[in-house]
Each structure stands twice: as C-alpha cells, then as structure tokens.
Amino acid sequence: MAKKKQKSALGYICLALVAICAILAVVGVFLNWVGIETILDDVFDDSEQKGFTLGDFDTMAEEYGLETETIQGIRAVGYLAVAAICVVLVAYVVKQLFSFGLFRIIVILGGVATMAIGVAAIAYTASQTADWDIVVAKLVPGVGCYLTSIGAIAGGLFAAVGCFKK
C-alpha cells in the first residue's frame with residue numbers, strides 16, 4: 001500500500017500569505033488610487049477630497065480636463081492587477097487541494113505574471129500622473145495604488161515560492 005505524501009507547511013503558509021495579499025489588492029481598488037499633493041497649502045482645506053479612487057476617475061477627468069484614454073489605461077491596469085492575484089489565489093488553492101503537476105507550473109507562471117502586472121500598475125500610474133499639470137497641485141500615486149501593487153507583487157512572489165517545494 002502506497003504512503004500518502006504529506007503536504008508541506010510552506011505551501012499552506014504561502015497560501016495564507018497569497019490570500020492576505022489578494023485582500024490587500026482588492027482593498028486598494030477602493031482607496032485613493034491617485035492623490036493630490038498641494039503646492040500651495042491654503043488652496044485645499046481639510047474637508048475637501050484629496051484623492052480619487054479608480055471609480056472616481058471619470059469625475060477627475062471632467063474636473064481637471066485630463067485625457068480619458070490615459071485614465072482608462074490606469075483603471076485597466078489596476079483592475080488587471082486585482083484580477084491576476086485573485087486568479088493566482090484560486091489556482092494556488094486548487095494546487096494545494098489536488099496535487100496536479102500542471103497546476104504547479106500554472107501557479108508559478110501566474111505568480112511571475114502577477115508580479116509583473118503589479119510593477120506595471122505602480123509604474124504606469126506614476127509615469128502618467130507625473131505628466132498631468134494642475135495649476136495648484138500635482139497628482140501622485142495614492143495609497144490604493146501602492147496597496148494593490150504591493151499585494152499583486154508580494155502575492156505573486158509567495159505563490160511562486162510556495163510551489164517550488166513539493
């Protein structure tokens with residue numbers, strides 16, 4: 001009778017870390033993706049909004065006269081990062097539950113792709129917001145952008161690392 005192989009503790013620890021990173025990435029979508037950094041301190045009082053979520057980008061485009069193609073690109077990269085980490089999480093759960101060799105390779109490749117998408121989300125947002133000139137303020141990546149990017153990068157890394165040991 002064949003012995004059943006024990007799953008490694010590293011796999012379950014990495015699964016928990018990937019789940020936490022996926023939660024971080026999803027939460028980041030609902031926080032300020034782009035923040036407003038004021039140049040003149042007396043322009044904005046504390047009651048005014050100092051950032052925009054991905055859902056508020058249409059309002060921001062109208063308010064500041066920004067290009068909608070660029071805003072749609074930033075929104076797409078942000079949502080793609082969240083979708084990628086969620087797909088990697090589901091694939092990693094399947095890999096942990098059922099020992100298919102194919103899912104191990106899929107999770108590793110998906111983890112690497114998710115890390116690249118996370119880097120692209122922060123880099124694209126930072127590069128595009130640097131070009132937007134507003135008279136009294138400048139736009140910078142907000143806390144939501146950082147959370148989603150860090151969640152995607154770290155989640156992809158943990159997923160790939162968790163698959164290296166059988």
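This is a predicted model: local features need pLDDT of at least 70, side-chain atom pairs count only at pLDDT 80 or more; totals for chains, interfaces and linings use all residues.

The protein has five helices and three strands, and along the sequence they come in the order α-β-β-α-α-α-β-α.

**The big picture**
- Of the protein's 166 residues, 42% count as buried.
- If you take the contacts in the protein with a separation of 6 or more, 74% of them come from residues 24 or more positions apart.

**α1 against α5**
- Helix α1 covers residues 9-30 and helix α5 covers residues 143-164; their axes sit 7 Å apart, at an angle of about 160°.
- An angle over 145 degrees counts as roughly antiparallel, so that is how α1 and α5 run relative to each other.
- The crossing of α1 past α5 is left-handed.
- On the α1 side, the contact residues include Leu 10, Gly 11, Cys 14, Leu 17, Val 18 and Cys 21, while those on α5 include Gly 144, Leu 147, Thr 148, Gly 151, Ala 154 and Phe 158.
- Sorted by class, this α1-α5 contact has 14 nonpolar and seven polar residues, with no charged ones.

**α3 against α5**
- Helix α3 (residues 68-97) also packs on α5, here at an angle of about 25° with the axes 9 Å apart.
- Angles under 35 degrees count as roughly parallel, and α3 and α5 are therefore roughly parallel to each other.
- Again the crossing is left-handed, this time with α3 passing α5.
- α3 brings Gly 78, Ala 81, Val 82, Ile 85, Val 88, Tyr 92 and Lys 95 to the contact, and α5 answers with residues including Thr 148, Gly 151, Ala 152, Gly 155 and Cys 163.
- By class, the contact of α3 with α5 comes to eight nonpolar, six polar and one charged residues.

**Trp 132 in its loop**
- You'll find Trp 132 in the loop between α4 (101-130) and β3 (137-141).
- Why does Trp 132 count as buried? The cut-off is under 20% relative accessible area, and Trp 132 is buried because its value is 9%.
- Leaving out residues up to four places away in sequence, Trp 132 touches Met 60, Leu 66, Thr 70, Ile 71, Ile 74 and Leu 139.
- Glu 67 lies 65 residues from Trp 132 along the chain, yet their C-alpha atoms are separated by 9.4 Å.

Note on methods: Residues are numbered from 1 along each chain as its sequence is written. Side-chain values use heavy atoms; hydrogens and water are left out. Axes are lines fitted to C-alpha atoms, for helices over the stretch in contact, and angles run from 0 to 180 degrees between N-to-C directions. Helices (H or I, at least four residues) and strands (E, at least two) are DSSP runs, numbered from the N terminus. Angles under 35 degrees count as roughly parallel, over 145 as roughly antiparallel, 65 to 115 as roughly perpendicular and the rest as oblique. A crossing is left-handed if the near helix is turned anticlockwise from the far one by less than a right angle, and right-handed if clockwise. Contact means heavy atoms within 4.5 Å. Ala, Val, Leu, Ile, Met, Phe, Trp, Tyr, Cys and Pro count as nonpolar, Asp, Glu, Lys and Arg as charged, and the others, Gly among them, as polar. Buried means under 20% relative accessible area, exposed over 50%, partly exposed in between (1.4 Å probe, protein chains only).
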